[in-house]
Each structure stands twice: as C-alpha cells, then as structure tokens.
Amino acid sequence: SEITAQAVILDDPQTAADKISEALATCQENMLPVYIELPADIVNQKIGSANKTPASTLTVDEENLAKAKNIITQRILQAQKPVIIAGIESDRFDLKPKILQFAKKLNLPVVSTVLARDHISPDDPNFFGTYLGVAGNPAAGKLVAESDLVLVLGEMLSDVNLGAKLTATKRGEIIWCFSGEVNAEDQTIVNVPLKALVAELCKVEMQKKNLELPARVSLKVNRVCKYTAKSLVMGEVIDAVNWLFGKFGEMPLIADTGDCLFATLNIQASTVMAPSFYGTMGFAVPAAVGYALATKKRPLVLVGDGGFQMTGQEICHCPKYKINPIFVVINNRRWGMEQLFYPSARFNELVNWPYAQMAELWGGKGYRCESCEQLYRALQDAQGQKRFTLIEVVTERDELSEELMSWIVEQKGEE
C-alpha cells in the first residue's frame, strides 16, 4: 500500500480473523496506519479466532545496521558540537529513555521536535527543550544553529515536521534516521529500524565528549490570577491555562494547528497532543473526544475558530459518552496563521459563529469571554463541571502570539 503500512480486505469469513490480526500487528510494530476493508454484504457473518501468529513485517539488515552505527559513532567522534534531535518516532516506539541513555553516555545535548516534546523531563540536564527555530527554546535553537553534526532520530526532515529551515542550512551536517532508513554522507542505508539502531548506539563504548553547552532556558510560567478588565490576547490565554493547571493540577493538553500549537510551547503540561504545521486544521476537537474515551482522562483543548468550524460539531458526542473536556475556542474571526502568509488575502475571513451558545445547544455549558477576569472565572467554573464546557475567547481580528509571528517571519525569510 502506498498510504498505509498494510491493507487487507475481509472478503472471506475463514481468513478474516487472521487478516485482522496481521494488520493490527503491523500497525503496532511499525506505528503506522493500516487499512481494513469490510464489504457491506458480509458484515454480519461470523468469524472464528486467528489461527496464525502474525509474522514480523520489520526487516533488519544486520550489515546495514552495523554500517549505520559505525558512521554515526565516527561522525560523533569527529564533531566539535554534536546535538541530537529526538523526533516523533522516539515517542511512537517509546525510545526517549534509550536516547537519553545514549546521550548521557557520551555527554551529548538533546532537543526535541514540537511533536515529540512531552516525554522528556524539562529538568533532565541533557535536555535543552523544543527546537522550533526562533519560536522554540533559545538554548535548543542555539545548539542546532551552531552544531557541526545534527543527529535526527525519528523525524522526517521537513519544515512541516521540524518547523524550521534545517534542511536548507544543515544538509551536509545532518544524519537523518527515520522510517527504517539512515541518510548520511550522501547515501541511504535501508532496513535499519530506529528501535534497533538506538539499541546498538546504547552499546557504544566511546569517551564522553567535552562540550561547552549553553545555559538551559527554563519555561517562564506566570500563575498569577488576573481578575482584570484587560482585553484578551494569546499571552493572557497562556497565562490563564498555566494558572488553572497550577491551582487545580495539570490536564492533558490537546491543541489544533496554528496559533494554538504555538501557545502550547509556553504552557507547562506533561502531556501534549497536537498536529503538525500545515494541512491538519480541525484535529483538536475529534482528537479530544477520542482521547477522553480511550484514556478516561479529561483534556483541555485549544482550538481556533477556523479549526472549530471544520470539525467542532463533534462535541455533540460528549454528553452521549459522558465525557467533559474543556474546549477553549480562540475567536478572532479569521484563519490567522494563513493570513500572515498572505496579508492581502480576503479569503481567510470567517463567519462569526455564536460558539458559547452552540455549546449549550449541544448539551454542554458555554462561556463568552472578552476580558481576563471573565476568562479566569470561566476556567475555574469549567473545572468543576461534570459536562463538557466551551470557553469562547474573543480577541482582536489580528491577534496572534509572538511565537507564531516570529516563526512566520523566519519561514518567509524576512528580517
């Protein structure tokens, strides 16, 4: 299959169980989607249990694995300023502890991509925060910008994933390990799964690097309650969520793309779910419903009005399943991130929906907030609600976070 790791059609009740078992095993082993098609005319037919143990679909070329390991260790040995970028596959395959083990063994700094940042303790001495160009942690940006070897473990090399133009400036200084391939020194080494590669790297016996590392930059969190009439900007939304988590305990944080994604960089949360930078608008609301059902945990959700207008109606399932996420809808009446790319465009303007009222009609509780005091009181009340809540945060039409604006400038190559 070109799109999924495996595709099966359940057209025979005798083989259906084995096909399902095989597809699910492939999904788990590769941490990639699979496709299972069930013809409508046999949906009610009974099937038995799986008879075969699914065979592994991962191919490990031991010779290539050794070759990749040797290239990486030699390049680290030669480098003056190496750095590791831990990507999304390090989360999918639960490799963060092993990567940190390897990093500590050689005294290497580690940064994470924005999609893989919530499983390393910010207090770990080898961890320097999230790399996202000028919008990310300054220490992480400095390490990558000044490095002479960037070892990318588990992330596709693209501004869509990294959020920065690393490909243009560091191509000759990058070793990129993703999806069973290692790209280094103008060659592609195949059949080297990341899990096997990291396990081999942890066996390396090599002298620790004596590196001058930058000062770590910790997240500055403002937890002061602001019962003021001040109008709302993204910075105030960030402070209010940090206040809520400080007063009542952290919640899993789910964010949509755009400014909500960038806001999460400044919110202290140990669990963050968010999509990439382009083409995934509308992720947060259905993701929150699925997350709440799968984990039995209550998330707080940040979503823009553009993303909400795509999939926000999915909140109507919350009363049915007795889940109560807190949805925070940023209402600036436009697709703000897209407008920054094309300031003269008029097609990014949105119809101003009555979001708080709609929440009431769908069985939840809605709040419309235009001031800091209204937002803080809404969050405190929502925290105690048993039903889902929707907090409509009304901002100016051109309101965007500093992080997003600086990132757009970097992407466009402006000064």
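How many bridges join strand E14 (residues 365-369) to strand E15 (residues 389-394), and do the two run parallel or antiparallel? There are 5 bridges, and the strands run parallel. This is a predicted model, so local features need pLDDT of at least 70 and side-chain atom pairs count only at pLDDT 80 or more, while totals for chains, interfaces and linings use all residues.

View 1. Two strands count as a pair if DSSP finds at least two bridges between them. Strands (E, at least two residues) and helices (H or I, at least four) are DSSP runs, numbered from the N terminus. Look for Arg368, which sits opposite Glu392 in E15, and for Tyr367, whose bridge partner is Ile391. This is a predicted model, where local features need pLDDT of at least 70 and side-chain atom pairs count only at pLDDT 80 or more, while totals for chains, interfaces and linings use all residues. Residues are numbered from 1 along each chain as its sequence is written, and side-chain values use heavy atoms, with hydrogens and water left out.

**View 2. Helix H16 and its sheet.** E14, helix H16 (residues 372-383) and E15 build a right-handed β-α-β unit. Right-handed means that, with the strands pointing away from you, the path from the first strand over the helix to the second runs clockwise. H16 lies across strand E12 (300-304), strand E13 (326-331), E14 and E15, at about 165° to E14. Such angles run from 0 to 180 degrees between N-to-C directions, using axes fitted to C-alpha atoms (for helices, over the stretch in contact). The open sheet here has 6 strands, ordered E11-E10-E12-E13-E15-E14, with parallel pairing. Strand E11 (272-273) and E14 are at the edges with a single partner strand each, so one side of each has no neighbour in the sheet.

**View 3. The other sheet, with mixed pairing.** This open sheet has 7 strands in the order E5-E4-E3-E6-E7-E8-E9. Its edge strands are strand E5 (127-130) and E9, each pairing on one side only. On average, neighbouring strands are turned by 20° against each other, direction ignored. E6 and E7 pair in the parallel sense over 4 bridges, and Val150 stands opposite Ile174 in E7. Helix H4 packs on the sheet too, touching strand E3 (82-86), E4 and E6, and its direction makes about 175° with that of E3.

**View 4. Helix H2, end to end.** H2 (residues 62-78) has 17 residues and reaches 24 Å from first C-alpha to last, close to the 24 Å expected at 1.5 Å a residue. The expected span is 1.5 Å times one less than the number of residues. H2 lies across E6, E7, E8 and E9, at about 130° to E9. Its buried residues include Leu65, Ala68, Ile72 and Ile76. Buried means under 20% relative accessible area, exposed over 50%, and partly exposed in between (1.4 Å probe, protein chains only). Among the elements covering them are helix H4 (96-106), strand E6 (149-153) and helix H8 (194-201), with contact meaning heavy atoms within 4.5 Å.

**View 5. Two loop residues with positive phi.** Asp94 sits in the loop between helix H3 (88-92) and H4. Its phi is near 55°, a positive value in a residue other than glycine. Asp94 counts as exposed because its relative accessibility is 60%. Asn107 is in the loop between H4 and strand E4 (110-112), with phi near 60°, also a positive value in a residue other than glycine. Asn107 counts as partly exposed because its relative accessibility is 25%.
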